Amino acid sequence: MKTRTLGRNGPEVSALGLGCMGMSAFYGGRGEEADAIAVIHRALELGVSLLDTADMYGPHTNEVLVGKAIAGRRKDVFLATKFGIQMDPNDPAARGINGRPEYVIGACDGSLKRLGVDHIDLYYQHRVDPTVPIEDTVGAMSRLVEQGKVRFLGLSEASAETVRRAHAVHPITALQTEYSLWSRDPEANGVFDAVRELGIGFVPYSPLGRGFLTGAIKSPEDFDADDYRRQSPRFQGDNFARNLQLVDQVNVLARDKGITPGQLALAWVLAQGEDLVPIPGTKRIKYLEENLGALEVRLDADDLARIEAIFPADAAAGMRYPEAMMGALNR
């Protein structure tokens, strides 16, 4: 397994991680727990060390699942989880953001219990709470490091300014943000500049465009009834049709190189810098193994130029989240 370092002085992890969210939440057809655990076990066998979860996935059930999967294998895992989004179990649409120091401490203890571990390797604030100074939230997170409950700190979907302020309180090891061929905001909003200046690693989530860039999704009807992508602007109406045309061109490039569209999409993300560690998610061993094949793909300057020509930064049609959720990003 190829490895990369999270940040200038951070830990060494597998060059591709595994996002575990879809095993328990948001993407329909979640299947049997045993199948999900088998995917995690296969990932560990193949050398994937970075596993990513969050307390709001389920809520809580994904951490329990990951905890079961890594029992007896803790030494092989670099375990990342997140806090900060509070879900209402009785109303999946109801959620809030909480960055209060006292909440941080309790949330960490809950995650430790569900995961069945005595420490978390990388603890992220899932979304920035605009009502609480980031200095206060990160101050509480730093106390978790002092107590040995957490090794490294991270932020998710934070602005460049917030990252700088947080890093001044305690070193931030990683910033997790959506990034892929069709979600390239960090290139333009100063986030890449900030993390590279500060020596912070960048962890792209949804590097396969929520599955769209694999070429497997041909219609909104391909989603199960409870799949939240049905509510995403990019998967609706004219936006879906326009985005599908882009993916069709990616498919042609992939065929020319003898790889899958998903492998091309992941290889493109990996080619954007050694400081990037993508975390594609999957519920199937077949696709896990396919994704890892992207580590062997080499894109030369001509390949990258062709990709840029058909998929420039502003090519995707539609917002990446429903409008009501967009305000929680890049705070």
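Predicted model: local features only at pLDDT ≥ 70, side-chain atom pairs only at ≥ 80, totals over all residues.

Reply: The space inside the second largest pocket comes to about 240 Å³. There are 14 lining residues, and those closest to the pocket's centre are Arg-4, Leu-270, Glu-274, Val-297 and Arg-298. By class, the lining of this pocket splits into eight nonpolar, four charged and two polar residues.

You'll find Thr-173 in the loop that runs between helix H5 (160–169) and strand S10 (174–178). Thr-173 counts as buried because its relative accessibility is 9%, with the cut-off for buried being under 20%. Leaving out residues up to four places away in sequence, Thr-173 touches Leu-6, Gly-7, Pro-11, Leu-122, Phe-152, Leu-153, Ile-200 and Gly-201.

The other spot is a helix pair. Helix H2 (residues 61–70) packs with helix H3 (residues 101–115) at an angle of about 45°, and their axes are 7 Å apart. That angle makes H2 oblique to H3. On the H2 side, the contact is made by Glu-63, Val-64, Val-66 and Gly-67, while H3 brings in Ser-111, Arg-114 and Leu-115. Sorted by class, the H2 contact with H3 has three nonpolar, two polar and two charged residues.

Technical notes:
Residues numbered from 1 in each chain as written. Heavy atoms only, no water. Helix = DSSP H or I, 4+ residues; strand = E, 2+ residues; numbered from the N terminus. Buried < 20%, exposed > 50% of the residue type's maximum accessible area, 1.4 Å probe, protein only. Contact = heavy atoms within 4.5 Å. 1 Å grid on protein atoms, 1.4 Å probe; cavity = no way out; pocket = protein on both sides within 12 Å on 5 of 7 lines; lining within 4 Å. Points joined across faces, edges and corners; volume = space filled by probe spheres on them. Nonpolar A, V, L, I, M, F, W, Y, C, P; charged D, E, K, R; others polar. Axes fitted to C-alpha atoms, helices over the stretch in contact; angles between N-to-C directions. Parallel < 35°, antiparallel > 145°, perpendicular 65-115°, else oblique.
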